[in-house]
Amino acid sequence: MDKIAFVFSGQGDQFPGMGKDLYEEYPVAQRIYDLCDSIRPGTSTQCFNSTEEELRETRNTQPCLFAMELAAASILIEKGVVPDALAGFSLGEVVAATVSGIFDDKTGFRLVCKRGELMQGEAEKFDTAMAAVVKLTSEQVQDICRRYPDVYPVNFNCPGQITVSGISSQMTDFLADVKAAGGRAIPLKVKGAFHSPFMKAAAEAFERELNKAAIKERNIVLYSDVTAEVYTNDVAGLLSKQICSPVQWEKIICNMITDGIDTFIEIGPGKTLTNMIKKISTDIKAVNVIEYLAEVEGC
C-alpha cells in the first residue's frame, strides 16, 4: 500500500482564477470558500477574479492560497484519500497544521490572515527581495551569502536550488557573484525577505497570536519547516519561528521518505513542490492535486 503525504505549497504559485474549477464542481470546496468569505469577505472573489499584482500582495496571497489548498485537501479526504503525513512550505504549514487537526478551519484561516498582515507589514519597512539560486551547491550559495551582511540563505529546496532573501541594494552584487560562480538566480513573485531576520518582529507578533488560539492534538503526522522533524507540542514556537528561519524542505522530504512515504500529493495551484521532490528522489511518486484528482476520477 502507498503511504501518502499531502504537501502544501507556499507563496509564488498563485494565479488569478486558482480554485475556481474546484469551487464550481465540489460542494465541499464551496463550503470552505464560503467559510473563508464569512471571516474575510471577498476572499473567493480575489482568488477567482483579481489581478496578478493584487494576488502578489502578501496580505492577499496567504489567505487566498489557504482557501484554495484547504478546499483541495478537503475534496481528497472526502473521496477517501487520507494522508499518512503532512508538511507545508512556509504558509503551507499553516494549512497542513489545520488539516492535521491542530486548528479547526476557522482558527487556521484567521491565523493565516493575521500572518499575512504581519509579514506584509514587516516587508514594507525594508526594500528587500527574494530569488531562487540554481546550479550551485548549498555550500556555494551560503559562502556567497557570507560576503553580504544582509543577504541570507532561507529556503533549502532541493539539490541545486536554494532561495535567498536580502536587502535589494546588496542583491544586485550578490546576483552578479552567483553568475560568476556558474549559477543562475530567478527573482520570486513575492514582496519581502521572508524566512530571514527581517521577519523577526512578525514572528514574535505571530507567536502572541498563536498563544491566544485554540490548539488541539494533531491526528496526522506533521513535519516542521524549522526542524525538518515531526512536530513536538510546541506549536506556537515552531510556527512562529518558521517566519524568520530557513525552510528545511529537502531535509523534510528526505525524512518523510525514510519514514516510509512514497507518494507525495502537492496541494496547491502549481507544481513547484512536485518538481522539487522529483529532484530530491526519483524513487517516489510526486503529483499535483489537480492531476491526482483526474487520476482518481478516471478522467
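**Cysteines, a parallel sheet and its edge strand**

The sulfur of Cys254 sits 10 Å from the closest cysteine sulfur, the one in Cys158, and that is too far for a bond. A disulfide here is a pair of cysteine sulfur atoms within 2.5 Å. This is a predicted model, so to speak of local features takes pLDDT of at least 70 and side-chain atom pairs count only at pLDDT 80 or more, while totals for chains, interfaces and linings use all residues. Residues are numbered from 1 along each chain as its sequence is written, and side-chain values use heavy atoms, with hydrogens and water left out.

**Cysteines**
- A search of the whole structure turns up zero disulfides.
- Cys145 is in no disulfide either, and its nearest cysteine sulfur, that of Cys158, is 16 Å away.
- Cys145 is buried at 3% relative accessible area, whereas Cys254 is partly exposed at 35% (buried is under 20%, exposed over 50%, partly exposed in between, with a 1.4 Å probe and protein chains only).

**The sheet**
- Five strands make an open, parallel sheet in the order β7-β2-β1-β8-β9 (strands are DSSP E runs of at least two residues, helices are H or I runs of at least four, both numbered from the N terminus; two strands pair if DSSP finds at least two bridges between them).
- At the edges are β7 (221–222) and β9, each pairing on one side only.
- Strands β1 (residues 4–8) and β8 (residues 263–267) run parallel and are joined by five bridges, with Ile4 opposite Thr263 in β8.
- Helix α12 (residues 249–258) packs on this sheet and touches β1, β2 and β8, its direction making about 175 degrees with that of β2 (contact means heavy atoms within 4.5 Å; axes are lines fitted to C-alpha atoms, for helices over the stretch in contact, and angles run from 0 to 180 degrees between N-to-C directions).
- Helix α6 (residues 92–100) lies across β1, β2 (85–88) and β7, at about 155 degrees to β2.

- Val287 is found in strand β9 and is buried, with 7% relative accessible area.
- Leaving aside neighbours within four places in sequence, Val287 is in contact with Phe264, Ile265, Glu266, Thr274 and Tyr292.
- Asn288 also belongs to β9 (residues 285–288), and its 4% relative accessibility makes it count as buried.
- The side chain of Asn288 reaches the backbone oxygen of Gly270 at 2.5 Å.
- Not counting residues up to four places away in sequence, Asn288 touches several residues, including Ile265, Gly268, Pro269 and Lys271.

How values were computed
A polar contact is a pair of N or O atoms within 3.5 Å; within protein, one must be able to donate a hydrogen and the other to accept it, and residues adjacent in sequence count only if both atoms are side-chain atoms.
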